[in-house]
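Hello,

Here is the structure you will be taking over. My notes follow it.

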Amino acid sequence: MTAQTQTTESGLRAWLTAETPHSRGQARLGRVYLGWLAFARNRLAMIGLGIVLLLVLMAALAPLLAPYDPYTQNLSQRLLPPSAAHWLGTDAFGRDILSRILYGSRLTLMIVALVAVTAPVAGLLIGTVAGYLGGWVDAVLMRVTDIFLAFPKLILALAFVSALGPGIENAIIAIAITSWPPYARIARAETITIRKSDFISAARLQGASTPRIILGHVVPLCSSSLIVRVTLDMAGIILTAAGLGFLGLGAQPPAPEWGAMIATGRQYVLEQWWVATMPGIAIFVVSLGFNLLGDGLRDVLDPKGQ
Amino acid sequence: MPGRRHAIRGAGLLVSVALTVLGLLLVTFLIGRVVPIDPVIAVVGDRVSADTYARVRQELGLDLPLWQQFLRYVGDVLQGDFGTSVLTSRPVLEDILRVFPATLELATAALVVGVLLGIPAGVMAAVHRGRWPDHLIRVIGLIGHSIPIFWLGLMALLVFYARLDWAPGPGRVDVFYEGLVDPVTGIITADALLAGESDVFWNALHHLVLPAGILGLYSVAYIARMTRSFMLDQLRQEYITTARVKGMSEARVIWRHALGNIAVPLTTVVALSYASLLEGSVLTETVFAWPGLGLYITNSLLSADMNAVLGGTLVVGAVFIGLNLLSDLLYRLLDPRAR
């Protein structure tokens, strides 16, 4: 992001918006650029993107930004209200809440990233296979999907965590197991609409194998609606993970997970309100960021929803 | 033959519900199997001879193949045997029946909040589409989707109970009133009315306002969004123009004609949001010390009381399926086009 990009910007822009692109790559980048322009016009979506980028920065730079160590206890400094030395106050063990929130952003980001990678991929594969093959494969896979959809998500995640034991890894597994069914449904619906198209028949007549058609032709076309849905679901993932942490089933102390921090601040909430309030604000801001980003992406990538 | 087609469709629905319930049982059964707790040791302790261990293991049916164990499990559950809770040492079903009315009371009150606020908000948003009421309602919905409910509950207790003293603290009634009315239905407000104890009724209602309001906010966003999109569909129709041309008042056009026509899809939306309220009650009950099913499940979880956890999961799942089925049936029953 230096002077060089600025001087070449006009040239780059002309290249991106060229009426007659010379290569597939140029055309593709051009589409992305136009999408970005539409996205950038949406002020709320840009705020969302800003919040998410801020979260990533916070997580990456936590050791540099945090004024104190998030784990070191200092009982002479316990339950101090927000001040110049401790911007957000200290908790029951005298730990700086700001530092803990900064480090906690790493856990939040890790949970979101892991769930957002595993669950949609599983859902995408199950949905496209079911939609493309049809018949009894479709019937069986969709029946399984329906069973998972019939459970309330949080309750099912609770049951899985109870079986696996509390802890952040198991919370992630439980959330991922409960998150894939809607993706499978979306992917199946999209697959069914494109399964009969001419280009799929053409690929089949050229001798392409079923896995090749599904992975190479069907999956890419289902991806954009799935990306929108995943972004919109990220806030839900954060809230579920925080809820599990709050119930004592997610990240375990002394990990600075935001939900668990609220749980420990709960007994002081009536007097030392900042202990439980500050991590809650962090959760709220980050979920809001993902929700705004998802809304903006939906408007760009999925014009049907308008 | 419309009657026969009906019967076939009804049978298909029944089969699909039965399969879903069976799947539900399979999931809870498998979760129960992967638990790292040895059920035999949970019963007899870890200081028993190998003979006793083997006998108890056989009595519990753990030496059978997995599919036979599953059949036994299904049989037990269908007979209402969910096992015994380690925590309360009572049958799990008995525990659940005792705590469920509290959840029902909370979720129902929350649904009332959701409907009373959500439907007018959705109508206003549709009527003033693209102007500030629409944006305001959209932003409120967005915020509602981003706030952790347990945190909002804590903040509400902090502000309205500790600072302003407008609301009572956690629990269903003040300690003073506890046990004053006999639990006939288990729903305290109803019990108090039945017993003619107006003091208890008002106290219980007062206790209900905060948790039900907070839980209800979650369904407000969903109900308002759905109402808005249904209303927008209606307002585009020609009969609305006709009504306006006839000189009918705008209020009558909107609240009577348009809203009247979306009553059926709205019913199904309300039934579905009832289901999600049951789920949301888990965290709300924990914050407000509300002795319902959610609190029961989380308490059992923390003490690794698997029978209770799986029993509670099963009941919530079954209610979920039931409400989905109900919304489906309501739609078919109420909308003549779906018949």
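Helix 7 of chain B has 15 residues, which at 1.5 Å a residue should span 21 Å; its end C-alpha atoms are 20 Å apart, which agrees. The expected span is 1.5 Å times one less than the number of residues. Helices here are DSSP runs (H or I, at least four residues), numbered from the N terminus.

This is a predicted model: local features need pLDDT of at least 70, side-chain atom pairs count only at pLDDT 80 or more, and totals for chains, interfaces and linings use all residues. Residues are numbered from 1 along each chain as its sequence is written, and chains are lettered from A in the order in which they are written.

The buried residues of helix 7 of chain B include W151(B), G153(B) and L157(B). Buried means that 20 or more other C-beta atoms, placed from the backbone, lie within 10 Å of the residue's own. Among the elements covering them are helix 10 (210-246) of chain A and helix 9 of chain B. Just after helix 7 of chain B, D165(B) takes a positive phi of about 60°.

Chain B gives 40 residues to the contact and chain A gives 35; two residues are in contact if their C-beta atoms, placed from the backbone, lie within 7 Å. Helix 7 (149-163) of chain B is one of the elements that give two or more residues to chain B's side.

In chain A, L158(A) touches L249(A), I297(B) and L301(B), not counting residues up to four places away in sequence.

Regards

Notes. Buried ≥ 20, exposed ≤ 12 C-beta atoms within 10 Å, placed from the backbone.
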